[in-house]
Amino acid sequence: MKMKLSDSLVKNMVVTADLLNTINGGMSLPSTKMRKLEDCYELDVVAPGLSVENLKIEIHNRHLSVFHYLNYKAPNHTNEQEGAPNIVHLMPIPFDVELDSITALYEEKHLKVIMPFNELAEGYFRSIDIDTV
């Protein structure tokens, strides 16, 4: 069985390959480490070549994403710039994290995302009675 690729898919693949390939200058790969500390999780991101102004952090449906946009000149357009998101780190947020308290700090070329524990999620216990009909 043959797979047929659409022209737009092939063009998008070529643009992405051109943005990321080493012949075009290449990109350094970011390094990420997740640690569980006494009172929080800490995600440490080192992304050489990226300034803090270009990094973005979003939470969507209990998933944390760290990304930046790759800007490029749109093919067959004059002076138009387009951007493609490049994911640096994507992870589900652990159930014991207080979502409203997540913060980020950029220090000495390290982006640190601090995810404090939700005190209510730890040690919760409840016995449930079984009703009969």
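The legends below accompany close-up views of a predicted model.

**View 1. Overall fold of the predicted chain, with one helix and seven strands.**
Read along the sequence, the elements of the chain follow the pattern α-β-β-β-β-β-β-β. Of the 133 residues in the chain, 25% are buried, and the chain exposes about 10,600 Å², of which carbon and sulfur atoms supply 54%. Among the contacts between residues at least 6 apart in sequence, 45% join residues at least 24 apart.

**View 2. The open sheet formed by four strands in the order E1-E2-E7-E6.**
The pairing in this sheet is antiparallel. Strand E1 (31–36) and strand E6 (103–107) stand at the edges, and because each has a single partner strand, one side of each is left without a neighbour in the sheet. Neighbouring strands of the sheet are turned by 20° against each other on average, with direction ignored. Strands of a sheet in general pair through backbone hydrogen bonds, in either a parallel or an antiparallel manner.

**View 3. The pairing of strand E1 with strand E2.**
Strand E2 covers residues 40–46 and runs antiparallel to E1, to which it is joined by six bridges. Within this pairing, arginine 35 has glutamate 42 of E2 as its bridge partner. The two residues also form a salt bridge, in which the closest N and O atoms are 2.1 Å apart. Glutamate 42 counts as buried, with a relative accessibility of 8%, whereas arginine 35, with a relative accessibility of 40%, counts as partly exposed.

**View 4. The network of salt bridges that links Arg35, Glu42 and Lys112.**
A search of the whole structure finds two salt bridges.

**View 5. The largest nonpolar core, with the surroundings of valine 113.**
This core has 17 residues, and those with the most contacts inside it are Leu43, Leu64, Val113 and Met115. The elements that give two or more residues to the core are E2, strand E4 (63–73), strand E5 (81–92) and strand E7 (110–116). When its neighbours within four places in sequence are left aside, valine 113 is in contact with Tyr41, Glu42, Leu43, Ile57, Leu64, Ile102, Thr103 and Ala104. Of these contacts of valine 113, Leu43 and Leu64 are also named among the core residues with the most contacts inside the core.

**View 6. Asparagine 61 and arginine 62 in the loop between E3 and E4.**
Most residues other than glycine have a negative phi. Asparagine 61, by contrast, has a positive phi near 50°, and its place is in the loop between strand E3 (56–60) and E4. Arginine 62, found in the loop between E3 and E4, likewise has a positive phi, of about 60°, although it is not a glycine. Asparagine 61 is exposed, with a relative accessible area of 63%, while arginine 62 counts as partly exposed at 31% relative accessibility.

Terms used. Residues are numbered from 1 along each chain as its sequence is written. This is a predicted model: local features need pLDDT of at least 70, side-chain atom pairs count only at pLDDT 80 or more; totals for chains, interfaces and linings use all residues. Side-chain values use heavy atoms; hydrogens and water are left out. Two strands pair if DSSP finds at least two bridges between them. Axes are lines fitted to C-alpha atoms, for helices over the stretch in contact, and angles run from 0 to 180 degrees between N-to-C directions. A nonpolar core is a set of buried Ala, Val, Leu, Ile, Met, Phe, Trp, Tyr and Cys residues joined through side-chain atoms within 4.5 Å. Buried means under 20% relative accessible area, exposed over 50%, partly exposed in between (1.4 Å probe, protein chains only). Contact means heavy atoms within 4.5 Å. Accessible areas come from the Shrake-Rupley method with a 1.4 Å probe; for residues, only the protein chains shown count as cover. A salt bridge is a side-chain nitrogen of Lys or Arg within 4 Å of a carboxyl oxygen of Asp or Glu.
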